[in-house]
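Please read this briefing alongside the sequence and the structure shown below.

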Amino acid sequence: MKARTRIALLSLPLALAACQQPAYDPRGVDHDETLLSVSATGESEVRPDEAFFQVGVENFGPTGKATSDANAKDIAKVVAALKKAGVPEKDIQTRTVGIQRIQYGDRKGQYQANNIVAVTVRQIDKAGDAVTAATEAGANVFSGPDLRISDSEKAANTAYGEAFKAAKARAQAYADAADMKIARVLTIRDGGGAQGDRYIPGAPPPPPPVAPVVRTQAMPEEGGGVIQPGQTTSRVSVQVDFALVPK
C-alpha cells in the first residue's frame, strides 16, 4: 500500500504541469503572441523583348485537292519569307491546317483551306520586318503581335519581393501603433497576379483568355510600321501572417 501511495503522489505534479500547457493554436502563434495578417501588392515594370504573332494563308477553290495544293504553296512562300527575314525555323510552328467544303453563302460548293503558323521574334526590334515579309509573301490571315518578356519569372519575382516588403512595412506600422514588435513571420501565401494580360498563378487562377485568329483586309504596308514595346507591368499579391509580441 505504501508503494502505491508514493506513485500517486509523484504523478500529481506531472498532471498539474500538463494542465498548465497552453492549448495548441493552429494559426501558429504562442500564448504570448498576437496574430497579425497583412495583405499587400507589389509591381515591377520590364520592357518586353520578344514578339509573338500568328500569320497564315486562306485559299478557296473548286476542288479539295486544288485548294489544298494552292494553300501548301502559299504557306511555303510565307515561311520562306519569314526565314529570310531572320526568323529561325525553331521559332515558326504550325498551329492550324484545315480544309472544308463550304455549305452556305456565295461560295457554296467551293473548298476552303487554311494554314496558320505561330511566329516568335526574339529580337523585338525586328518584329515589324517579319510581319511585313510574311504579308508581302501572300499572308492574308494575321493575329498579334503579342509582346512578351523572355525571362518572365525574373520580372514576377521582383514584384513578389516588392509585395513582401510592402507587407512587412505595413506590419511594422501596426506594431508601432500597438506598442509591439514583430517577433517572426508565421506564413506567407502567394496570391498570384498578372503580367500584362497573362495570369501568374498563386491559388488556382481562372483560365487565361485565348486570343482568336482575326482575318483582316488591312495588312501592314511595306516597312512593317513601328512596334512600340513600352513596359509590361507584373502585379502580384501576397498575404503574410506575423506574430507580434509586447516590446
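Which residues in α3 are buried? In α3, the buried residues are Ala 127, Gly 128, Ala 130, Val 131, Thr 132, Ala 133, Ala 134 and Thr 135, where buried means under 20% relative accessible area, exposed over 50% and partly exposed in between, with a 1.4 Å probe and protein chains only. This is a predicted model, in which local features need pLDDT of at least 70 and side-chain atom pairs count only at pLDDT 80 or more, while totals for chains, interfaces and linings use all residues. Residues are numbered from 1 along each chain as its sequence is written, and side-chain values use heavy atoms, with hydrogens and water left out.

**Helix α3**
- Helix α3 spans residues 127-136 and is mostly covered, with eight of its 10 residues buried; helices (H or I, at least four residues) and strands (E, at least two) are DSSP runs, numbered from the N terminus.
- The cover over the buried residues of α3 includes β2 (50-61), α2 (64-84), β4 (111-121) and β5 (141-148).
- After α3 comes Gly 138, whose phi is positive, near 115°.

**Strand β4**
- Asn 114 lies in strand β4, and Asn 114 counts as buried because its relative accessibility is 14%.
- Leaving aside neighbours within four places in sequence, Asn 114 is in contact (heavy atoms within 4.5 Å) with Val 57, Glu 58, Asn 71, Thr 96, Val 97 and Gly 98.

**An aromatic pair**
- Rings of Phe, Tyr and Trp (its six-membered ring) pair if their centres lie within 6.5 Å, and planes under 30 degrees apart count as stacked, over 60 as edge-to-face and the rest as tilted; by this rule the count comes to one aromatic pair.
- Phe 53 and Phe 142 form this tilted pair, at 5.7 Å centre to centre and with 35° between the planes.
- Phe 53 lies in strand β2 and Phe 142 in strand β5, so the pair ties together parts that are 89 residues apart in sequence.
- Phe 53 counts as buried at 0% relative accessibility, and Phe 142 is buried with a relative accessible area of 11%.

**Confidence**
- The mean pLDDT of the chain (the predictor's confidence in each residue, from 0 to 100) is 80, and 78% of the residues reach 70 or more.
- Over residues 1-18 the pLDDT is below 50, and this stretch has zero contacts in the model beyond near neighbours in sequence.
- Over residues 204-224 the pLDDT is also below 50, but this stretch has 30 contacts beyond near neighbours in sequence.
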